[in-house]
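Here are a few notes from my read-through. Have a look at the fold first, then go through the points below.

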Amino acid sequence: MSQGPRSGLAAVSSALLAMSRHLEVRDVLKTIVASARELLDAQYAALGVPDDHGGFAQFVVDGVSEEQWRAIGPLPRQHGILAAMLHQAQAERLADVRQDPRFEGWPAAHPDMSDFLGLPIRDGDEVIGALFLANKRCAKPAGGCGFTQEDEDLLALLAQHAAIALTNARLYERSRELTIAEERSRLAHELHDAVSQKLFSLRLTAQAAAALVDRDPARAKGELQQVAALAAEAADELRAAVVELRPAALDEDGLVATLRTQIQVLDRAHSARVTFTAHGIRALPAAQEEAVLRVAQEALHNALRHSGADHVDVTLERRGCGAVLRVADDGSGFDQHAVRGAGRHLGLVSMRDRASGAGGTLTVESAPGKGTTIEMEVPGG
């Protein structure tokens, strides 16, 4: 490369490290494309992940503004030069993609491109994507392509590591889907047990009231008041479970708005006062936002169901490039050593796993009669 082997290796190393830092498929795709464009000094870069219907499940671009991308229109189909990258093993280097017989034109808003370098991303024998670069920023030889054999070799190296990063991200997302399914199953069992107990008590109390209504109206009235209280408790259980089972609207609303909405519902559903404040929060990587949300939900579940707290305070604050979540209650607290010794973790193991999986840390402060504070810090992007 023109800047010499040392700077070239440093650039490759930076690109590979950037790819390995992300777990979400979309984040990995964006990092691959941005790394390829920067590494090869191209004006445009794109990465397409094929679907099973002749189109692209995902198509990520770099070097094209949001306005340009919206004006271009729907995702491209698998045809022409794009399709060639998905059905051949070797790279394609062209002096002018518009002169290639497979070129089938672009939408009117598409930027003008000439020299072109494309390469499939392979996982074994399977093509899981294709990288495209256009318009090398350099003086081009007359009638030749700005991209060199050295660029092609470098892109091939990047594509090998991109395949690993993309496969790992897919495996992570599948494992997360399984975890979510397990959580929903746990919540369904919990909902069934809690509400069944309330409804059973409600039925017995209603039967007692019916038996007393003629011979002891005063006692019957007391039993009916108990029926009303049990019905309200059952409704609270249902509302809380609905909040936990509802898919988090992180993509649409962001972490702060999603947390605020869920906490407002919990505040209405429980006798304890539940409050939320947020200060200076920036968008975090998707995996970190989900981890923060899930830890907040687990900590709130513990505080509202087990601690007997009158007040639960949730705060989310910016710290450096990342954020700190704090869930503090004034409940009964617990002896952490005794809890571990008895094999009861109150979800602490799950919360620690979520924090470490997102590159963060989790600390717990609690003592009998002193309430509990759970703090989670994530590093940001």
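Which strands does helix 8 lie across, and at about what angle does helix 8 run to strand 8?

1. Before the answer, some ground rules. This is a predicted model, where local features need pLDDT of at least 70 and side-chain atom pairs count only at pLDDT 80 or more, while totals for chains, interfaces and linings use all residues. Residues are numbered from 1 along each chain as its sequence is written, and side-chain values use heavy atoms, with hydrogens and water left out.

2. Helix 8 (residues 286–306) lies across strands 6, 7, 8, 9 and 10, and runs at about 5 degrees to strand 8. Helices (H or I, at least four residues) and strands (E, at least two) are DSSP runs, numbered from the N terminus. Angles run from 0 to 180 degrees between N-to-C directions, with axes fitted to C-alpha atoms, for helices over the stretch in contact.

3. Helix 10 (residues 348–357) also packs on the sheet: it touches strand 9 and strand 10 (contact means heavy atoms within 4.5 Å). Its direction makes about 150 degrees with that of strand 9.

4. The sheet itself is open and mixed, with five strands in the order 6-7-8-10-9. Strand 6 (273–279) and strand 9 (361–366) are the edges, each pairing on one side only. Pairing takes at least two DSSP bridges between two strands. The twist averages 10 degrees from one strand to the next.

5. Strand 8 (residues 322–329) and strand 10 (residues 372–378) are antiparallel, over seven bridges. Ala328 has Thr373 of strand 10 as its bridge partner.
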